[in-house]
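Let's take a walk through a protein model together.

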Amino acid sequence: WKFATAESCTGGLIAGLLTEIPGSSDVVDRGFVTYSNEAKTALVGVAPELIALHGAVSEPVVRAMAEGALKHSMADLTVAVSGVAGPGGGSPEKPVGRVEIAAAAQGHTLYKRMDYGDIGRSEIRRRTVLDALALAQALLRG
């Protein structure tokens, strides 16, 4: 199995963590840092209309990121994250600490929303990495 990431709020932390493991080049294909909306479109093919309609931090967009990472890589399994890590940028609809996570493999996509609360930028990003890898593992286990 080959693995790829599409990361917004984590800025490459998932790929960075995975590549700390010796021999990871056997399984890690690539990491897309899709921090801006334009990067989400250019790198993993998220439709700008989808972002305009739902916002970057949304289930449809994070699913499209995960599925787009599959299409734009040699990976068999991907994980994507988009969220509001703070300290600013939150709203009543999408507060600081809201993170959308999706994992995709051919024909299957899992999704979950996390609401960590305003626990600090570093902690939100750290927890996102752990929960994203757990979701990818759940998809592998079927």
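Helices (H or I, at least four residues) and strands (E, at least two) are DSSP runs, numbered from the N terminus. Counted this way, the protein has five helices and five strands, and along the sequence they follow the pattern β-α-β-α-α-α-β-β-β-α. Keep in mind that this is a predicted model, where local features need pLDDT of at least 70, side-chain atom pairs count only at pLDDT 80 or more, and totals for chains, interfaces and linings use all residues. Residues are numbered from 1 along each chain as its sequence is written, and side-chain values use heavy atoms, leaving out hydrogens and water.

Strand 4 (residues 98–105) and strand 5 (residues 108–115) pair in the antiparallel sense over eight bridges; two strands pair if DSSP finds at least two bridges between them.

Let's stop at Arg-98, which lies in strand 4. Is Arg-98 buried or exposed? Arg-98 counts as buried because its relative accessibility is 11%, and buried means under 20% relative accessible area, exposed over 50%, partly exposed in between (1.4 Å probe, protein chains only). Its side chain reaches the backbone oxygen of Glu-93 at 3.1 Å. Not counting residues up to four places away in sequence, Arg-98 touches several residues, including Val-57, Ser-82 and Met-114, where contact means heavy atoms within 4.5 Å.

Methods:
A polar contact is a pair of N or O atoms within 3.5 Å; within protein, one must be able to donate a hydrogen and the other to accept it, and residues adjacent in sequence count only if both atoms are side-chain atoms.
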